Structures are given as structure tokens and as C-alpha cells.
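Have a look at the model first, then read on.

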Amino acid sequence: MSSKERVRAIIAGDKAERCGLWLGDPHPDTIKIYNQRQGVDNFEEIRVRLGDDFRWLQIGDQCYKHPEGLPIWDFKPKSHDLSAEGWFANCESVAEIDDFAWPDVRYFDFTEVLKELETMRPYYIASGLWCPFFHLAAGMFGMENYFMKMFTHPDVVHAATARMVDFYIEASRRFFEAAGDLMDGFFFGNDFGSQLDLLVGPSQFKEFIFPYFKQLTDVGHEYDYQILLHSCGSIYKVIPDLIGLGVEAIHPIQAKAANMQAEKLGAEFGGKVAFIGGIDTQDLLVNGTPRQVRDDVKRVMAVLGPNLVVSPSHECILPNVPFENIEAMALAVVEGG
């Protein structure tokens, strides 16, 4: 099977001759170290040598050509402290939401990224706008204010979320029309969980998140793309809901988060959804030996396979992960353990 055929089959729940492999999206500093270590000029050479099946191209500010050079979301949080007030912290009416300088889809130009997608054709290509409406709302209101306003000003939260998601839907349609069969999966993300649990309760998910999330999965399916969700943290409680909303693959399976153990997920959701990730980046890939990494990959493949793309439990591999451990992960997949 080709890499594209393999990953498409895995996500569709069909049979593939082995699990898939994605080396992730290493931090630029990590790439420099790995390239130097392997004597190459381009990390793509390492991907090819190790048998990486998956390529990801996120669409965002690089395609947004505002005449004044503004980014897509032109708001500056007052602080990086999650408890700080955000742009809409004191907003009490829908009219104030409407007055915000919302981005305009007319400023997107996908010319260059379409050329880049062309170069990835032999592989499974995941792409699309990241659509982080949950993150953006937390930034715009301030996280604590966002969660509080779900109770005190639900109409304001709905209005802001609808404006963000409407923008992403229209922008996604424009991109999908241009990309066509250059991509295979619509990959987008919102971190819904902490290390211990969901960031808001299931009832808040059902009112303020799921209806908008479903609009995004629907537009991806409308263009016949597989739906891949990125969410760090413990999202165990809403996995059945996410499957029902059209998610076909869940990434990154944060291995040390509560209730996200491979054995638990495989027992409860195996065959119902595909998994991408699962190899611990909090401890194992940083401190383990190549032998320990290989053994853990074998364990994860045994319980989450065959509908599994083996990958680090966070895609942004940091410089403290030795190349030897990434290589061991890849060899364990390609060589069958």
C-alpha cells in the first residue's frame, strides 16, 4: 500500500498491512538538531528515510493577505495569564460582539499553499484551517470570564462563537474548493482537556461547543474529507460525543492524561474511531531508551491497532527528545516492532 492508501484505510476502519506512522511536527530548533545529526539539509529527507506516512499543512496567517498586514485575529490579550481579562471580558451585549473588527475571508490567498500541497501528493495529506474557536473565545473573553459568561451571558458567548465559526466555515469552503483532491483529511484542533479532565463540564460542551463543532465536521464531510480532531488533555468523557459528531480520528492521545491510557481507549473505542499519537512525550520520548520506546510502541500498537497512526503524544517535538528515540519509534512501526 502507498502511504496515502494506508492512512486512508486506517482512518476509514478498513484493513491496512501495518499501522501508520507520523513523526509529528517538530519544533524548528529540534529540526535543526536532527538535520545536523543526520547530515541532511531538509527534515523531509528524514521523514522519507524513516517511512513517515503523513504530511500536515496548517492553513492560517500565511494565507491571510490583509491590505494593512493584519493577522487573522487582530486582538491583543491583556496578559498571558489565563485568569486575565480578555477583549470581551466586560461585554454584556450581542451588539458589542457585532462591533468587533472581525476578519474577512476575502483576504485569503491560497496560491502558495496549494503549490506546497502538490509536493506532498505521495503521502496522506491533512490540512485545513485550524479553527480553534474554543481557544479563541478563551483568549477574547479571558478563560475564566469565558467560562463564567456561559452562565451569566450565554447569548454573548453564543454570538461570539457563531461569528468565529461562521468565518471558519466560509474560509474552509473557499480553501476546500481550491484544494480539491490535493488533501485527504480536514485536521483541526481545540484543546478541550487538562491533564486531569475536561476544561468545562459535559453540559457546557453540549450547549456551547458541540453545535458549532458539528458545523465544522459537516463542512469537511461535504467535501468528502476524513475528519481528524486534535485535542490535548483528558477528553475521555466526550469521546462518544465526538464520534457521534463525525470525528473519524483523534489526535494526539496524551498518554499520561487521566483515562487516556491506550488500553482503556482501545477497550472502549477500538473499531469506532481511529487514533493518531499515543507515544508519550512527557517522559518516555524524553528520558527513555530506544529499547523502551520500541517496547512501548509495540504495546500501543497491540491495544490501539490496527486503526492507529503511531505518533508522539504531542506533535511539536521539543529539542529534549533525542533523535534516537524518534528513530526507534519509527523503526518499531515500519519493521513491526
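Let's start at Pro 252, which sits in the loop between β6 (249-251) and α11 (262-269); helices (H or I, at least four residues) and strands (E, at least two) are DSSP runs, numbered from the N terminus. This is a predicted model, where local features need pLDDT of at least 70, side-chain atom pairs count only at pLDDT 80 or more, and totals for chains, interfaces and linings use all residues. Residues are numbered from 1 along each chain as its sequence is written, and side-chain values use heavy atoms, leaving out hydrogens and water.

**Cis peptide bonds**
- Pro 252 is joined to His 251 by a cis peptide bond, with omega at about 5°.
- Another cis bond links Gly 305 and Pro 306, again with omega of about 5°.
- You'll find Pro 306 in the loop between α13 (290-304) and β8 (308-312).

- Ile 253 isn't a glycine, yet has a positive phi of about 60°.
- Ile 253 is buried at 2% relative accessibility (buried is under 20% relative accessible area, exposed over 50%, partly exposed in between, with a 1.4 Å probe and protein chains only).
- Asp 224, also not a glycine, has a positive phi of about 65°.
- Asp 224 lies in the loop between α9 and β5 (226-230), and is exposed at 62% relative accessibility.

**Asp 52**
- Asp 52 belongs to the loop between α3 (43-50) and β2 (54-59).
- The Asp 52 side chain reaches the backbone nitrogen of Phe 54 at 3.0 Å.

Note on methods
A polar contact is a pair of N or O atoms within 3.5 Å; within protein, one must be able to donate a hydrogen and the other to accept it, and residues adjacent in sequence count only if both atoms are side-chain atoms.
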